[in-house]
Amino acid sequence: MACARVPLDEQQVTEPGPLGAEHTLPALHPDRMEERCFVPYKPPPAEGSPADVEEFLEHAKFITEDLEWLLALPHDKFWCQVVFDGSLQRCLDSYLHHAPRGLEIIVLPFSHTVADVQRAVHRVVFLTFLRMATHKESKENFLTPAVFGEIIYDNFLFDIPKILDLCVLFGKGNSQLLHKMIENIFTQQPSYYSDLDETVPTVLQVFDNILHKCGLQCEEAAAIEPMKLNAHKQPTAVTMSQQELVDIILYLCDSTTTIHAFLDIFPAACSSFQSHSFLSRLTSFYETAVPDLEKAVRKRNFDDKDLHEDLWKRLSHSCRKMVESAHLLMHHTCLQPILEGRENMQTFAEELLQYFTTFLTEKRFLSDYDEQFPIADDISLLQQALPVIDETRTSYLLQGVESAWDSVGRRKPPSQIRNEAPSSVSAVQGAAGGGVASAAGYEPEEVREPGRDGESLSGAEAMVDVPRKGNNGAVRPVSEAELESLLSCIVDLLPDLGEGFLLACLQEYNYNSELVINNILEDRLTPNLDKLDRAMPRPVKEELPDVLNNRSNVFDDDEFDIFRRDQLDMSRIWKGRKRGENAREMLNDKQHIEEQRARYQTYETVVDEVIVEPGESAAGFDLDDYDDEYDDTYDMNQVGANDLDGDSLLNRRPFTVPQVLRKGNKAEEEEEGEDDEEEDVLQKNVNRDQFVQDPALLRQRAEARRAATQQRKGFRPEPPGNVVGRPKGQGQTLGTFLDRRKKEANKSRGANHNRRNMADRKRNKGMIPS
């Protein structure tokens, strides 16, 4: 076996040959590879038919078992399998190529079983790549770093496309491990940096291909490769087929997501991207392609509404990732060195300001970038780190940012506006908080701003964070006193303008008085303000309705309505128990019973027949006139023919006066306890001194009641014990033996402690004359 403290690439192992003779081989040799076939990966079925699902589950099970077997191999066997087994590499490459990405996982109709199996495959594939990127597992199991770099590079275990796929597939939740993996790969094999330099132009070619498909051309691309005069005119994003538009958006979404994931996990690659002017090409592509793609998605009629929403979500996601990628490039190449205090900080600051200056021509990209990563914050950071920064230049940049917002017809989020700090009279202030990168243009009939999840908002929903306009207590970023101060300042400078017009201007420009004055003097007001009358007076503030008159309450118009009564009877209001009131007297007060007695007495008299004397009318007795039609109607029905003879009054239930209204002595209530200890069996008006009833009869009745109670409650009495048993000499059963032993053990439990209680019980039962 391998010797300790020796790299795997220098180890020699002795194994038996085909004919039984032992021979020595290097630890990394093709003969040491195990014969095992790794099946390629297939993605989960989109339709979800039972046959396709079963096939996917079977393939995934094979892959999981094979990779778990691979991970369980020792260090030397693992690397022999990785280096010399072609089926393993094809299996891993198929997963990187076909595995669903983040947005696709949400779209696919996964069941719980499919999701669990997919999660298991995802885990073992990541662990396999993690072990492949580790050259030292322990002090005994390791590879020489230089040899490790040659192995992974010459055998194509890792390349730039694989690394990009690893970042986009496993970056969420595993960013630190992936960072260590990729950093170790690039450290042990610097040739990957040259491969990355050759890959960046290919990434830029992705943007050029999209522009070419949309009939557009980037300025940088046009400078490198002029367009042919006789070239065939390409269809635009609006005129191309629906399938082509879907493919372009999916292509863009996948590319931008992959680039952002790679730059976020491996920031050292930012310098390679910047060496090819990637940032300028990215911003130009954003400014050129995004508006056309959004216009095509918004104005095209889709038969499938879900497809329309998915395309809009992917396009918004792509825009957000492009903005975040631009921020990562500037942060790691310019801002990070300034924060770390490296040498030549002035050079990095100049480079960052130069980037911001080039963004001024890209109005759409600049406004979206400033919304997510406020440029004013970066400029403030530069001014704190380098006080020698030209303030005129920074003011010019901030003013250009504000102009970009105005040119695209959008407004800054209130979170940025409220934290503004004026740097000069005409400078545009920055923001302390950031929003979300917007990926929408301005349309007069509809304002669409994708939120964090890519959803599009329209109309008033898109402006939900903008202060509402109104005359009666509208929500404003300034108080009433501050508003009056702003109006007075503008009126002093421009006395010919009406307060209503000035109030509309302040609301339009987020209560920035300097910006209002500047736009009025330069005649740069928005079109909706130009239509207003400049002498428009301030609208009269409407009186708020009286809340007390419109309210509804349980005390409305009663003696306790304090809102409509000036005086109340305070003697009828007290807290707690009423003064001078006794609880016993209140309970003994039976006045309400007397009031109800007369009402119940009317029900005692039942009149079945009323005799009407000759000459008297039935109306005097509240009786209706006799209607012969009733008898005619029911003559054919034998009503009561099958009833029993006799007076029907005998079958009626006699009327019972409520017990609380009865007079005289109340009947004594019989109480039956759970123990049935005592029962009063004496009848009414029976002399208690007479001889009691038969005790045996009383015991029999009590036993019957007890048995009924136990049966009703589900109680099972213990079986009676048989301690007598058979006659002597015939043998005893096991039950008799156990009953006798139980009696012997428990016969002294009561002893003589219950004599008085039992005597009282006998006396109450009538066994002993009192």
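I looked up asparagine 344 and found it exposed, with a relative accessible area of 56%. My cut-offs: buried is under 20% relative accessible area, exposed is over 50%, and partly exposed lies in between, with a 1.4 Å probe and protein chains only. The model is predicted, so I take local features at pLDDT of at least 70 and side-chain atom pairs at pLDDT 80 or more, while totals for chains, interfaces and linings use all residues. Residues are numbered from 1 along each chain as its sequence is written, and side-chain values use heavy atoms, without hydrogens and water.

Where does asparagine 344 sit? I found it in the loop between helix H14 (305-340) and helix H15 (345-359). I noted the background: most residues other than glycine have a negative phi.

Next I checked serine 277. Its phi is also positive, about 55°, and serine 277 is no glycine. I placed it in the loop between helix H12 (270-274) and helix H13 (278-299). Is serine 277 exposed or partly exposed? It is partly exposed, at a relative accessible area of 41%.

Then I took the chain totals. I count 31 helices and two strands; these are DSSP runs numbered from the N terminus, helices being H or I with at least four residues and strands E with at least two. Of the 770 residues, 35% are buried. The chain exposes about 49200 Å², and carbon and sulfur atoms supply 51% of that. I used Shrake-Rupley areas with a 1.4 Å probe; for residues, only the protein chains shown count as cover.
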